[in-house]
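Subject: Structure handover

Hello,

Here is the structure I promised to pass on. Please look it over, then read the notes below.

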Amino acid sequence: MQHEGVPLAACDGPGDGAVLYADASVSSEGGGFAAWTWVEGTVYVTAGEWSVGERRLHISELELLASRFGLVAFDGLLGDRWMWSFTDNTVAEAAMRHT
């Protein structure tokens with residue numbers, strides 16, 4: 001795998017693949033998430049704001065949720081592609097690797 005950074009990356013893997021990036025934030029105004037990927041020359045983005053209940057979660061949990069939301073949002077366009085998923089939170093990355 002060759003990772004060239006955010007927002008897009010080049011990865012070597014079996015057949016067609018895609019890279020998903022996700023990020024979450026919290027602030028006094030609420031915060032939210034974004035997830036994005038690049039497939040066949042097109043960038044796809046999904047984003048949203050956290051609910052009052054979600055804002056009570058730890059940032060690691062929110063980063064993991066942002067990744068999950070991205071994977072669910074882009075599931076239809078990914079088809080049989082393999083997927084690499086990245087976030088800037090090491091706890092969330094570790095959780096993704098061990099599930």
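Helices (H or I, at least four residues) and strands (E, at least two) are DSSP runs, numbered from the N terminus. On that basis the protein chain reads β-β-β-α-α-β-α along the sequence. That gives three helices and four strands.

Some ground rules. This is a predicted model, in which local features need pLDDT of at least 70 and side-chain atom pairs count only at pLDDT 80 or more, while totals for chains, interfaces and linings use all residues. Residues are numbered from 1 along each chain as its sequence is written, and side-chain values use heavy atoms, leaving out hydrogens and water.

Now the strands. Two strands pair if DSSP finds at least two bridges between them. Strand β1 covers residues 17–25 and strand β4 covers residues 82–87. They pair in the parallel sense, over six bridges. β1 also runs antiparallel to strand β2 (residues 32–39), again with six bridges.

A22 shows up in both pairings. Its bridge partner in β4 is T87. In β2, A22 stands opposite A35.

β1 and β2 form a hairpin, with six residues between them. G30 lies in the turn and has a positive phi of about 130°.

Finally, the whole chain. It has 99 residues, and 33% of them are buried (under 20% relative accessible area, 1.4 Å probe, protein chains only). The chain exposes about 6100 Å², by the Shrake-Rupley method with a 1.4 Å probe. Carbon and sulfur atoms supply 53% of that area. Contact means heavy atoms within 4.5 Å. Of the contacts with a separation of 6 or more, 53% link residues 24 or more positions apart.

Best wishes

Definitions and conventions
Buried means under 20% relative accessible area, exposed over 50%, partly exposed in between (1.4 Å probe, protein chains only).
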